[in-house]
Amino acid sequence: LSIPEAHIVSGYCIGASRPVRTVVVVSQKPIADVRRIWLDSHSRTSSLLTRILCRELWKIEPQFLYLDDYSLLDTPQDGDAFLLIGDKVFPREGHFRHSYDLAECWNTMTGLPFVFALWIARESVPGQEIEALERSLAFGLDRIPEAIEAYGHSAKPYAFDYLTKNIDFILDQPKRKALALFWEKAALLDPR
């Protein structure tokens with residue numbers, strides 16, 4: 001929303017209609033007892049979603065800090081929680097007593113899926129480049145098993161399910177509705 005003249009250019013996204021598994025808040029205490037949340041600095045969207053969930057679903061007002069030193073996860077302080085995204089989640093699954101999947105929490109609160117990322121461009125981007133992007137995205141989605149193999153993830157039992165069940169790549173109408181609601185809620189927290 002902060003990029004001037006940007007608009008959505010693809011019918012694809014990185015979203016979730018069920019638990020996403022790789023965007024979580026983890027802690028040793030229940031979320032109601034959390035005093036600080038260390039936000040993964042690699043996703044502004046997930047950080048905003050965490051703040052929305054704190055305010056509207058969990059009804060807590062923790063201190064928010066940015067997590068740049070991931071060694072803090074090895075020695076959490078009393079009352080600490082951590083927003084983790086992406087591949088950093090897999091090796092830490094089961095290391096914390098509590099794990100809150102943010103897509104699942106958003107769905108509990110709104111009844112909607114969630115859109116974590118999408119493709120945008122300014123009006124000046126040529127149409128043929130956007131068409132090439134769409135073809136590339138469709139090509140990749142049609143070849144998920146081959147991609148898993150090519151990038152050496154075949155030995156990871158969760159790889160196929162993650163890319164076909166946890167992540168949902170189609171920007172359908174429920175996701176567009178969720179996106180509008182998220183933008184509305186995010187603007188209250190971060191007017192930029």
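Two strands count as paired if DSSP finds at least two bridges between them, and the strands, like the helices, are DSSP runs numbered from the N terminus, with at least two residues (E) for a strand and at least four (H or I) for a helix. In those terms, Val23 has Ile85 of strand 5 as its bridge partner. The model described here is predicted, so local features need pLDDT of at least 70 and side-chain atom pairs count only at pLDDT 80 or more, while totals for chains, interfaces and linings use all residues. Residues are numbered from 1 along each chain as its sequence is written, and side-chain values use heavy atoms, with hydrogens and water left out.

Five strands form an open sheet in the order 4-3-5-2-6, and their pairing is mixed. Strand 4 (63–67) and strand 6 (98–101) are the edge strands, each pairing on one side only. On average, neighbouring strands are turned by 25 degrees against each other, direction ignored; axes here are lines fitted to C-alpha atoms, for helices over the stretch in contact, and angles otherwise run from 0 to 180 degrees between N-to-C directions.

The individual pairings can now be followed. Strand 2 (residues 23–27) is joined to strand 6 by four bridges in the antiparallel sense, and within strand 6 Asp101 stands opposite Val24. Strand 2 also pairs with strand 5 in the antiparallel sense, over five bridges. Strand 3 and strand 5 pair in the parallel sense, over three bridges, and Ile37 stands opposite Ala81 of strand 5.

How many residues of strand 5 are buried? Six of the six are, so strand 5 is largely enclosed by the rest of the structure; buried means under 20% relative accessible area, exposed over 50%, and partly exposed in between, with a 1.4 Å probe and protein chains only. In a regular strand the side chains alternate between the two faces of the sheet. In strand 5 both faces are covered, with Asp80, Phe82 and Leu84 buried on one side and Ala81, Leu83 and Ile85 buried on the other.

Helix 1 touches strand 2, strand 3 (36–40), strand 4, strand 5 (80–85) and strand 6, and its direction makes about 150 degrees with that of strand 3; contact means heavy atoms within 4.5 Å. Helix 2 touches strand 2, strand 5 and strand 6, and its direction makes about 65 degrees with that of strand 6.

Two packed helices are described by the angle between their axes and the distance between the axes. For helix 1 (residues 44–58) and helix 2 (residues 102–110), the angle is about 40 degrees and the axes are 10 Å apart. That makes helix 1 oblique to helix 2: angles under 35 degrees count as roughly parallel, over 145 as roughly antiparallel, 65 to 115 as roughly perpendicular and the rest as oblique. The crossing of helix 1 and helix 2 is left-handed, meaning that the near helix is turned anticlockwise from the far one by less than a right angle, whereas clockwise would be right-handed. Helix 1 contributes Ser46, Leu49, Thr50, Ile52, Leu53, Glu56, Leu57 and Trp58 to the contact, and helix 2 contributes Leu102, Cys105, Trp106, Thr108 and Met109. By class, this contact of helix 1 with helix 2 has nine nonpolar, three polar and one charged residues; Ala, Val, Leu, Ile, Met, Phe, Trp, Tyr, Cys and Pro count as nonpolar, Asp, Glu, Lys and Arg as charged, and the others, Gly among them, as polar.

Helix 2 also packs with helix 6 (residues 173–189), at an angle of about 90 degrees and with the axes 13 Å apart. That makes helix 2 roughly perpendicular to helix 6. Trp106, Met109 and Thr110 of helix 2 meet Ala178, Leu181, Phe182 and Lys185 of helix 6. The residues of this contact of helix 2 with helix 6 divide into five nonpolar, one polar and one charged.

The loops remain. Arg21 lies in the loop between strand 1 (6–16) and strand 2, and has a positive phi of about 80 degrees although it is not a glycine. Arg21 is partly exposed, with a relative accessible area of 25%. Lys59, in the loop between helix 1 and strand 4, is not a glycine either and has a positive phi of about 55 degrees. Lys59 is exposed, at a relative accessible area of 63%. Phe90, in the loop between strand 5 and strand 6, is buried, with a relative accessible area of 12%. Not counting residues up to four places away in sequence, Phe90 touches Arg21, Thr22, Tyr158 and Tyr162.
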